[in-house]
Amino acid sequence: MKASVLEDEDRNTREVRAPRGTSRWRKQLDERASFLVACALLIGLVAVYGSLRKGVFSFEELNLDTAAAMTLLLAASGQTVVLLRGGIDLSIGGIISLGTVLAATRFGHHPQTAAFWTFLIIAMGLLVGAANGLIIAVLELQPFLVTLTTWAILSGVALIVLPTDGGSLPPGWMKFGAASWFGLSSSVWLLIALLLFWCWFRKTRLCLAIRASGSNERSAYLSGVSLIFSDVAAYALSGTFAALASLYLTTQTGTGSPTIGNGYILPTVAAAVIGGVSLFGGRGGLVGTIVGVFIMTMIGNLVFVLSVSSYWQPVVSGVILLLAVLASSIAEKSAKRNLLA
Amino acid sequence: MNALAKHRAVLFAYLVTILLLLLGGIISPGFLSVSHLRTMSLLAAFIGIVALGQTFVIIGGGIDLSVPWVLNGAAVFVSLFAHNHNQPLLWAVPVLLAAGALVGAINGVGIAVTGIPPIIMTLAVNVILQGGILLYTGGAPAAAAPRALQFLAVGRVAHVPVVLGIWTLLAIAATILLSKTTFGRYLFALGTSPTVAEYSGVPILRTIVLSYALSGFTAALVGMLLAGYSGQAYLGMGDPYLFTSIAAVAIGGTSIMGGSGHYVGTIAGAFLLTILTSLLPALNLSSGALQVLYGLAILVSVSVASTALPKLLFPRRSTG
């Protein structure tokens, strides 16, 4: 108990408030510094990409890039909610792998079975997430460790279901990835739906509870927020989003893979952090994460256009991740200095 | 809280290890033979040495995700530098150990000076190293490991594998470092509460940098030993060690939140993971089942160590 009180005091000192007398704008600027840096970076990357290649500013390019980014985007949306809660969800990788192998082996050819298993996969994500949240909250364990174990268990189950890449999906299923309405592909409509979801969700009591318990667990608890509920809800949302990401991924690849999800775990965290979501909880939003995901997509595009070795991609994303976090940590420090001055 | 309850996670890890050994002995006749035990302890040593640095970092309240490619880098470069000759090892091994420690120190400086969270800092360094090594080697596997290295990894002196000797020395050093030195006490203080530690005069920067440097050092050491063990370096050889090093620490009862733990527990964790892996062929299980078992093993052992568990099981007896 003593230790947790000290932890909370640590958090209190980390809490940053603008001093009296500074303008509202300055306060906004300090709070959103890393998000604004990410936006500037994305604009810069798009500008460079646009100058290197023709036809970048077209619906076609938007459709292509959004389709490439959508799986990561869906998974990172769930990660964002968990990061706001002050946790981290590594089980996303296991849920994505298991989702794709279940889809590739169980969908068959009847639309009814496909619909049934779609429902089951989403329910699997939701339940696994809820279990994560419950274990973390009730046993007071570290999110990193608990979700690491569920990741191991789920990817083990995925390997048992389908030991190697393979399986197939009904042809109609893959049409969704290529479908478009009014010149915008299904992925762009999904992106719009995601933004609408966030516009609604960010104002809900649930989001407020998650954000509050992420920024200061103790005061959230004292204000009547149920920590168990906010944990279960945050991780259940993350699991559901990961399941949706796996379903979207199968519309793109047309196969199942028991290891494909592993490549998404850390990029989801990186995208959110680049977009200004704090790893300490409470701060950031889905719009930042979307910007972060598109920054990573743009880096991939640039590496391709410049036709340098694809091994540069991890190096560049690593450096940008570090710079983004450095920028936000410097912004935080300068805000603290203002507070003391 | 009495000593038994305090160390129940460590005791649990050893108990499960012994039970798994007995189970193996019952299922397959050769499981408890000297040669099989020797092979298993070799594999446990690789996990255990990587997890040594990880234990220090985690006790200090951090985590080192850069282990895989520090390990892989050391393995690749030792083979490249040595070119099948033993002579260059005399300078290559110390240089690469120092390079591993340097990468760790960079992690530590990044975390302590700029306030970047350990997960992000070490993750980014891992990714950058991965890209750098792939660029340097062009994605092609490196040359074979020189003979002297192979002797270090699989050779024996008086029936005892050399690696086990190295591991024993390191384990003794780690235990002394953690329990008898000021550095050890600083590390526990830092892991318990960085704020309190700083106000109490703990040299934060030096302690963090040292712990991460140690982790880089042990990862580089295992990289070179593994290159000797498998006869050559290959790309991606470090990846399994990210999960197993953290798992060994967690199973060994070290709190991932920092501030508590023992290397003694991590040793049990390394053995437990290795025995679990070698039980698979005997039990006729797939690698998927291994992952499930790994996950369950960690989940159960961290739940046993959880301070909330006694409160849940015996609500009336808990007095806070």
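Mentor: Gladly! Let's start in chain B, where helix H9 (residues 182–192) packs against helix H11 (residues 204–230) at an angle of about 100 degrees, the two axes lying 10 Å apart. That makes H9(B) roughly perpendicular to H11(B) (65 to 115 degrees; under 35 is roughly parallel, over 145 roughly antiparallel, the rest oblique). Helices here are DSSP runs of H or I with at least four residues, strands are E runs of at least two, and both are numbered from the N terminus. Axes are lines fitted to C-alpha atoms, for helices over the stretch in contact, and angles run from 0 to 180 degrees between N-to-C directions.

Before we go on, please keep in mind that this is a predicted model, in which local features need pLDDT of at least 70, side-chain atom pairs count only at pLDDT 80 or more, and totals for chains, interfaces and linings use all residues. Residues are numbered from 1 along each chain as its sequence is written, while chains are lettered from A and ligands numbered from 1 in the order in which they are written.

Back to our pair. From H9(B) come Phe183(B), Tyr186(B), Leu187(B) and Leu190(B), and they meet Ile204(B), Thr207(B), Leu210(B) and Ser211(B) of H11(B) (contact means C-beta atoms, placed from the backbone, within 7 Å). Sorted by class, this contact has 6 nonpolar residues, 2 polar ones and no charged ones (Ala, Val, Leu, Ile, Met, Phe, Trp, Tyr, Cys and Pro are nonpolar; Asp, Glu, Lys and Arg charged; the others, Gly among them, polar).

Let's step back to the chain that holds this pair. Chain B has 15 helices and 2 strands, and its C-alpha trace spans about 65 × 55 × 35 Å along the principal axes. Of its 320 residues, 50% are buried (20 or more other C-beta atoms within 10 Å; 12 or fewer is exposed, in between partly exposed, with C-beta atoms placed from the backbone). If you take the contacts between residues at least 6 apart in sequence, 79% of them join residues at least 24 apart. Leu43(B) belongs to helix H3 (residues 34–59) of chain B and is partly exposed, having 19 other C-beta atoms within 10 Å.

Now for the neighbouring chain. In the contact between chains, 39 residues of chain A touch 43 residues of chain B. On the side of chain A, the elements that give two or more residues are helices H1 (2–14), H7 (143–161), H13 (262–274) and H15 (312–340). This side of chain A has 26 nonpolar, 10 polar and 3 charged residues.

H7(A) also has a partner within its chain. The axes of H7(A) and helix H6 (residues 111–138) of chain A come within 10 Å and cross at roughly 145 degrees. Here Val128(A), Asn132(A), Ile135(A) and Ile136(A) of H6(A) meet Pro143(A), Val146(A), Thr147(A), Thr150(A) and Leu154(A) of H7(A). The H6(A)–H7(A) contact has 6 nonpolar, 3 polar and no charged residues.

The loop between H6 and H7 of chain A holds Glu140(A). Its phi is near 55 degrees, a positive value in a residue other than glycine. With 16 C-beta neighbours inside 10 Å, Glu140(A) counts as partly exposed.

A further helix pair in chain A is worth a look. Helix H5 (residues 92–106) and helix H12 (residues 227–253) of chain A pack at about 45 degrees with their axes 8 Å apart, and are therefore oblique to each other. Their contact has 10 nonpolar, 6 polar and no charged residues.

Ile210(A) lies in helix H10 (residues 205–215) of chain A and is buried, with 28 other C-beta atoms within 10 Å. Lys54(A), 156 residues from Ile210(A) in sequence, is 44 Å from it, C-alpha to C-alpha.

Finally, the totals for chain A: it has 15 helices and 2 strands, and 50% of its 341 residues are buried. Among its contacts with a separation of 6 or more, 80% involve residues 24 or more positions apart.

Technical notes:
Contact = placed C-beta atoms within 7 Å.
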